[in-house]
Amino acid sequence: MKRANKVILGARVLSAVFNPFYLPTVGLIALFTFSYLSLLPLSYKIVVLGLVYIFTILLPTLLISLYRHHQRWTLIELGQRERRMVPYVISILSYFICVYIMESMHIPHFMASILIVALMIQIICSIVNVWWKISTHTAAIGGVEGAIVAFSIIFGFNPVFWICVAIIVAGMLGTSRMILRQHSLSQVVAGFLLGCIVGFMILFV
């Protein structure tokens with residue numbers, strides 16, 4: 001029994017650590033580290049990361065939490081397919097506002113493109129969710145995978161190590177979502193493939 005509890009706890013920790021909302025921030029940090037954008041002033045990077053953090057992590061997390069408490073639902077209850085639409089709308093609006101602000105500030109294209117990838121993944125997942133519950137967690141890590149491949153072609157670096165890391169994380173994350181009975185195998189795989197395709201197509205095509 002104790003071992004089962006530890007497995008469930010580990011699955012919950014993984015789901016929290018690799019929250020889909022973290023995708024844009026992680027993507028920007030990667031750009032600031034591995035591309036020519038690393039030459040930008042530190043103060044500029046902090047402003048951009050702060051903006052992205054507010055609108056893609058802080059604001060949607062806070063609003064969705066308030067909505068959940070208002071409805072008196074647990075996290076498991078909120079995860080039911082028919083109850084996911086409002087959280088999707090909240091996150092999509094938050095991401096859209098962030099993209100609009102970044103475009104207004106004339107922030108470089110590659111930075112805004114990270115937000116556009118995350119936004120499109122959210123929109124497509126919300127549409128699919130009307131009929132079928134797809135995993136946004138694995139869609140987000142799939143978006144990272146697609147972005148790694150696209151940026152490796154654009155910037156000319158060897159992506160093998162980072163691709164392997166992303167695949168391992170995706171496997172662990174997908175397993176955790178199934179352990180928590182939030183998704184089936186087909187739902188986590190479909191989410192990952194969707195994220196890969198969207199991430200690559202938007203950044204490279």
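Me: Which residues have the most contacts inside the largest nonpolar core, and how many residues does that core have?

Reply: A nonpolar core is a set of buried Ala, Val, Leu, Ile, Met, Phe, Trp, Tyr and Cys residues joined through side-chain atoms within 4.5 Å. Buried means under 20% relative accessible area, exposed over 50%, and partly exposed in between (1.4 Å probe, protein chains only). In soluble globular proteins, nonpolar side chains tend to be buried together. Here the largest core has 41 residues, and Leu28, Val48, Met102, Met111 and Leu115 have the most contacts inside it. This is a predicted model, where local features need pLDDT of at least 70 and side-chain atom pairs count only at pLDDT 80 or more, while totals for chains, interfaces and linings use all residues. Residues are numbered from 1 along each chain as its sequence is written, and side-chain values use heavy atoms, with hydrogens and water left out.

Me: Which element gives the largest share of this core?

Reply: Helices (H or I, at least four residues) and strands (E, at least two) are DSSP runs, numbered from the N terminus. Helix 6 gives the largest share, nine residues. Elements giving two or more residues include helix 2 (23–34) and helix 3 (42–71).

Me: What does Leu115 touch?

Reply: Contact means heavy atoms within 4.5 Å. Not counting residues up to four places away in sequence, Leu115 touches Pro24, Leu28, Val52, Thr56, Tyr95, Cys98, Val99 and Met102.

Me: Which residues does the second core include?

Reply: This separate core of six residues includes Ile141, Val169, Ala170 and Phe192. Phe192 is also among the buried residues of helix 9.

Me: How many residues does helix 9 have, and what covers its buried residues?

Reply: The expected span of a helix is 1.5 Å times one less than its number of residues. Helix 9 (residues 185–204) has 20 residues and reaches 29 Å from first C-alpha to last, close to the 28 Å expected. The cover over its buried residues includes helix 6 (109–129), helix 7 (136–155) and helix 8 (160–179).

Me: Why does Ala166 count as buried?

Reply: Ala166 counts as buried because its relative accessibility is 5%. Ala166 lies in helix 8 and touches Ile141, Glu145 and Ile148, leaving out residues up to four places away in sequence.

Me: How far apart are Leu14 and Gly174 in sequence and in space?

Reply: They are 160 residues apart in sequence and 9.6 Å apart in space, C-alpha to C-alpha. Leu14, in helix 1 (residues 2–17), is in contact with Met172, Leu173 and Ser176, leaving aside neighbours within four places in sequence.
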